[in-house]
Amino acid sequence: MSLPAEFHDIAKRVNNWGRWGADDEIGTLNLITDDVVRAAARTVRTGRRIPLALPLQQDGVQTGVIPGRVNPLHSMVQINQELFGPGTVATSDDAVTMGLQAGTHWDALTHVSHSGKIYNGRPADTIAPHTRAAFSGIDKARHVVSRGVLLDVARARGVERLAGDHAVTPEDLEAAEELAGTKVGAGDIVLVRTGQIQVYLGGDKHGYGYPSPGLSIRTPEWFHARDVAAVANDTLTFEIFPPEIENLWLPVHALDLVEMGMLQGQNWNLEELSTACAQEKRYAFLLSAMPEPFVGGTGTPVAPVAIL
């Protein structure tokens, strides 16, 4: 089934191919300039640090619905082993096998393709078993530190958690922006809270993934107009699931990653941050969200920290 005209119309309006040159591989991360980072550092007042990652564990968010995206399988490969002989210092080592998008993560620009293309018009077949992502792998996203802005849509709408059929619209984002008292600007990393992570934290992995609130197909234009550098939220699917438009699967992924070249993140735990921002009555902060530099990776685990 081909993508509908509505999708292609939006794609044309948010397309950033060539904006930073034909060789560009990082898309909207170009918007995080030295000036943006200096301004972000000035948001730190108390030094309060809030971690936003879920624990990496075998009983993680994955349920097996997505083939190969396994929760971390953690094994000990050495336990108190005296490598240099009896009585010497002993070491313990461990190893892990996991899907790079299994827990709290960033999607690389190569995570999805459409119409045979990835970001900046490159062919989708540049992603291959041995070369992995030859262009725009997650290792190219080398500096993801900027001003973070929490758009607490659930709080702005007066609920603990948005309903599973709630598509987060530009109007929702603006209501949350008004609550925050902060305008989203160029180079910002936007964190959108729906409250959906509460379902996972309450022990219902299947209910966490489906049905799920998430971003509407109308939101990429809002982020494009604001020159946002990256967006993350507290859901498994990022966008509303099942989709708004019947049989149009993952359109927001395609618009954000392929057309706009904008990193997106999922499974971020924004609950403690929501409480802290409400307490301090400020919703902007320094955000460090550095990717693990897996060469050619189409995604990566991340352990973000918001610094207030």
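**Entry 1: helix α4 and what follows**

I started at α4, whose buried residues pack against β7 (145-152), α3 (153-156), β8 (167-168), β9 and α7 (219-226). This is a predicted model, so everything I note here is read off a prediction. Which residues of α4 are buried? I get P170, D172, L173, A175, A176, E177 and A180. Just past the helix, G181 has a positive phi of about 65°.

Next I went on to T182, which sits in the loop between α4 (170-180) and β9 (189-193). Buried or exposed? T182 counts as buried, because its relative accessible area is 15% and the cut-off for buried is under 20%. I then looked up its contacts, skipping neighbours within four places in sequence: T182 touches R147, V149, E177 and A284. E177 also turned up among the buried residues of α4.

I looked for empty space next. Rolling a probe the size of a water molecule over the atoms shows where such space is left. The largest pocket comes out at about 380 Å³. Its lining has 17 residues, and V65, I66, L236, T237 and F241 are the closest to the centre. Which element gives the largest share of that lining? Helix α6 (residues 205-209) does, with 3 residues. By class I have 7 nonpolar, 8 polar and 2 charged residues in the lining of the largest pocket.

The second largest pocket holds about 180 Å³ of space. Here 13 residues form the lining, and those closest to the centre are L56, M98, E292, P301 and V302. What is the class make-up of this lining? I find 11 nonpolar, 1 polar and 1 charged residues for the second largest pocket.

I checked omega and phi after that. Most residues other than glycine have a negative phi, and most peptide bonds are trans. I wrote down the exceptions I came across.

The peptide bond from Y210 to P211 is cis, with omega near -10°. P211 is in the loop between α6 and β10 (214-215). The bond from F241 to P242 is cis too, with omega near 0°. P242 belongs to the loop between β11 (230-233) and α8 (251-260).

For phi, N247 has a value near 70°, which is positive in a residue other than glycine. N247 lies in the loop between β11 and α8. It is partly exposed, at a relative accessible area of 44%. N267 likewise has a positive phi, near 60°. I placed N267 in the loop between β12 (263-266) and α9 (271-280). Buried or exposed? N267 is buried, at a relative accessible area of 0%.

**Entry 2: α1 against α8**

Two packed helices are described by the angle between their axes and the distance between the axes. For α1 (residues 5-14) and α8, I have axes that come within 9 Å and cross at roughly 30°. The crossing is right-handed. Which residues make the contact? From α1 I list F7, I10, A11 and V14, and from α8 P251, A254, L255, E259 and M260.

An α-helix has 3.6 residues a turn, so residues three or four places apart point the same way. I kept that in mind while reading the α1 side, where F7, I10, A11 and V14 take part.

**Entry 3: two single residues**

E280 is in helix α9. I logged E280 as partly exposed, since its relative accessible area is 24%. What does E280 touch beyond its sequence neighbours within four places? The contacts are T46, R48 and L308. E280 and L308 are 28 residues apart in sequence, with 9.1 Å from C-alpha to C-alpha.

L31 was my last stop, in the loop between α1 and α2 (34-41). L31 is buried, with a relative accessible area of 12%. Leaving out neighbours within four places in sequence, I found L31 in contact with R19, W20, V36, G187, D227 and V228. I also looked up L31 against L162: they are 131 residues apart in sequence, and 31 Å lie between their C-alpha atoms.

Definitions and conventions: Residues are numbered from 1 along each chain as its sequence is written. This is a predicted model: local features need pLDDT of at least 70, side-chain atom pairs count only at pLDDT 80 or more; totals for chains, interfaces and linings use all residues. Side-chain values use heavy atoms; hydrogens and water are left out. Helices (H or I, at least four residues) and strands (E, at least two) are DSSP runs, numbered from the N terminus. Buried means under 20% relative accessible area, exposed over 50%, partly exposed in between (1.4 Å probe, protein chains only). Contact means heavy atoms within 4.5 Å. On a 1 Å grid over the protein atoms alone, a cavity is a set of points where a 1.4 Å probe fits but cannot get out, and a pocket is an open set with protein on both sides within 12 Å along at least five of seven lines; lining residues have an atom within 4 Å of a point. Grid points are joined across faces, edges and corners, and a volume is the space filled by probe spheres set on the points. Ala, Val, Leu, Ile, Met, Phe, Trp, Tyr, Cys and Pro count as nonpolar, Asp, Glu, Lys and Arg as charged, and the others, Gly among them, as polar. Axes are lines fitted to C-alpha atoms, for helices over the stretch in contact, and angles run from 0 to 180 degrees between N-to-C directions. A crossing is left-handed if the near helix is turned anticlockwise from the far one by less than a right angle, and right-handed if clockwise.
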